[in-house]
Amino acid sequence: MSPHYPRLFLLILPAAIVFTAFFIIPMTRLIFIGGTGENGWTAYHAIFTNSRYLYSMIATLILSFSVTIISVIISTIVGLFLVRNQFYGRDILISMLTFPLAFPGVVIGFLVILSAGRQGLIGYISKALTGDKWVFAYSIAGLFMGYVYFSIPRVILTVMAAGEKLEPSLEEAAKSLGASPWQVVKDIIIPALKPGLIASSAICFATSMGAFGTAFTLATNIDVLPMTIYTEFTLNANIAGAASLSIVLGLVTWLALYIARSLSGTSVAPAG
Amino acid sequence: MRNKWLFRAQLIFTLLVCSFLIVPVILSALAGITQNFFLGIKSGITLHWLGEVWQLYSGTIYLSLLIAIWCLIATLAIGVPAAYVLAKQNGKLARFIEEIIVLPIAIPGLAIALALIINYGGFRDFRTSWGFILVGHILYTLPFMLRSVLAVLSSTNFHELEESAASLGASFWQRFFTIILPNAKSGILAGALMVVTLSIGEFNLTWMLHTPETKTLPVGLADSYASMRLEVASAYTLIFFVMIIPLLIAMQKLSQKTNKV
């Protein structure tokens with residue numbers, strides 16, 4: 001059967017129209033509008049020359065990197081454990097660990113406030129234990145906690161998917177040749193997981209870079225890049241500035257996810 | 001012996017991580033039905049806050065459901081046929097189109113919202129209607145529907161089935177409805193659950209696209225976090241969890257079932 005091109009064309013046409021009208025054209029215009037401010041195309045340089053933008057960019061990069069490293073370490077330990085062991089209650093544990101995947105950033109911000117805010121559980125416990133009330137929800141530590149919160153479920157899923165493909169026979173062989181458990185982890189498990197780990201790191205990094213809701217709810221004094229864009233647009237009415245920053249941010253997150261996909265082929269969606 | 005200790009250590013670690021994720025959710029649910037969060041659960045249990053949320057914010061809940069349903073209809077209508085075409089074609093152009101359609105996942109919602117406002121903000125009737133939010137949701141959720149259906153279609157031999165049906169004289173639409181759609185069912189279902197869940201919880205785009213007349217549930221949540229007492233905000237969050245958790249459970253059940261087959 002030869003492909004029926006006009007029919008295939010008709011079938012994809014609705015999607016093409018919607019995407020052209022509401023995504024391709026608006027995004028392309030956004031790129032140009034980024035260059036129409038009083039500084040023209042140098043607006044794209046502003047991210048390096050404007051100290052506030054640069055500070056915001058660096059803060060967001062550092063935050064996202066550290067969130068990624070911590071989340072990947074935690075999730076690898078948990079994910080591997082869940083893949084390699086069968087025990088009572090395992091399925092429920094997996095469900096609970098992956099539920100927060102679909103929680104919006106705003107809700108996660110609120111959960112951080114309930115945990116580490118002025119009336120939070122952590123403050124209550126720390127006061128009983130040490131006499132000091134720990135309140136860190138509205139600082140960078142609160143943001144960090146929220147970002148780790150929404151990253152863990154995503155990374156666990158990717159690690160579990162990669163872990164299921166591990167060859168048990170390789171490990172057995174290594175053990176029978178006298179390898180220590182640490183050597184098995186270092187020489188067999190980590191290399192086999194590497195593509196999955198790189199992919200999940202990139203997903204985690206991109207999600208953290210673009211996250212807006214959590215920072216919005218916590219209203220911290222640290223301006224992450226999405227908050228800076230939001231402020232530029234709404235408070236300062238600096239449309240060109242907001243546009244150029246959005247494009248730069250979009251490029252960074254797209255690049256991170258592109259690398260993830262070309263290295264692993266799988267993808268868990270970022271959201272939040 | 002050593003293995004047993006290793007197992008226990010890992011189990012304890014996993015339980016700690018789990019409680020990090022779940023305890024705040026339980027805390028929030030309890031705060032929503034407690035008389036006074038500051039005094040704790042001993043101050044009594046009440047449905048008062050839930051009632052207050054319903055009075056203040058029921059409109060946002062209806063609007064979120066309405067947008068989610070229309071978003072589902074739209075992504076089914078344009079996403080499923082597109083996925084079929086992309087599964088059938090293996091050329092460079094098809095892969096390029098796929099790449100473009102999944103772009104909204106990779107680009108922060110804020111940037112997409114900004115682009116929509118700059119381009120279409122001038123059309124006042126459109127800007128102030130919930131259709132404006134719907135457009136954003138469609139862009140954001142379509143990739144999930146497309147990928148989900150595409151993955152299932154690519155793993156079945158629908159080409160051969162279609163060919164044999166065609167040789168028996170089945171028309172294109174007969175084949176589409178009796179062969180393609182049934183074969184893609186699990187992908188469509190998984191995609192549909194994902195689309196509805198994401199649409200109900202979407203904030204990044206929606207916050208920029210909404211107007212005071214078109215507030216969705218997450219927008220209302222942000223509003224209550226900023227201006228309401230903790231108990232009201234918690235009760236509202238509880239309603240959100242009650243709406244979203246059945247969808248998440250259904251999604252997990254479905255993926256377990258497909259993994260086993």
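This is a predicted model: local features need pLDDT of at least 70, side-chain atom pairs count only at pLDDT 80 or more; totals for chains, interfaces and linings use all residues.
Me: How is the packing of two helices described, and what are the values for H7 and H9 of chain A?

Reply: Two packed helices are described by the angle between their axes and the distance between the axes. In chain A, helix H7 (residues 140-163) and helix H9 (residues 181-210) have axes that come within 9 Å and cross at roughly 160°.

Me: Are H7(A) and H9(A) roughly parallel or roughly antiparallel to each other?

Reply: Angles over 145 degrees count as roughly antiparallel, so H7(A) and H9(A) are roughly antiparallel to each other. The crossing of H7(A) past H9(A) is right-handed.

Me: Which residues of H7(A) and H9(A) meet?

Reply: On the H7(A) side they include A:Tyr147, A:Ser151, A:Arg154 and A:Val155; among those of H9(A) are A:Leu193, A:Pro195, A:Gly196 and A:Ala199. The residues of this contact of H7(A) with H9(A) comprise ten nonpolar, seven polar and one charged.

Me: Is A:Ala237 buried or exposed?

Reply: A:Ala237 has 9 other C-beta atoms within 10 Å; a residue with 12 or fewer counts as exposed, so A:Ala237 is exposed.

Me: Where is B:Ile100?

Reply: B:Ile100 belongs to helix H3 (residues 92-101) of chain B. With 15 other C-beta atoms within 10 Å, B:Ile100 is partly exposed. Its C-alpha atom is separated by 9.4 Å from that of B:Pro143, 43 residues apart along the chain.

Technical notes: Residues are numbered from 1 along each chain as its sequence is written. Chains are lettered from A and ligands numbered from 1 in the order in which they are written. Axes are lines fitted to C-alpha atoms, for helices over the stretch in contact, and angles run from 0 to 180 degrees between N-to-C directions. Helices (H or I, at least four residues) and strands (E, at least two) are DSSP runs, numbered from the N terminus. Angles under 35 degrees count as roughly parallel, over 145 as roughly antiparallel, 65 to 115 as roughly perpendicular and the rest as oblique. A crossing is left-handed if the near helix is turned anticlockwise from the far one by less than a right angle, and right-handed if clockwise. Two residues are in contact if their C-beta atoms, placed from the backbone, lie within 7 Å. Ala, Val, Leu, Ile, Met, Phe, Trp, Tyr, Cys and Pro count as nonpolar, Asp, Glu, Lys and Arg as charged, and the others, Gly among them, as polar. A residue is buried if 20 or more other C-beta atoms lie within 10 Å of its own, exposed if 12 or fewer, and partly exposed in between; C-beta atoms are placed from the backbone.
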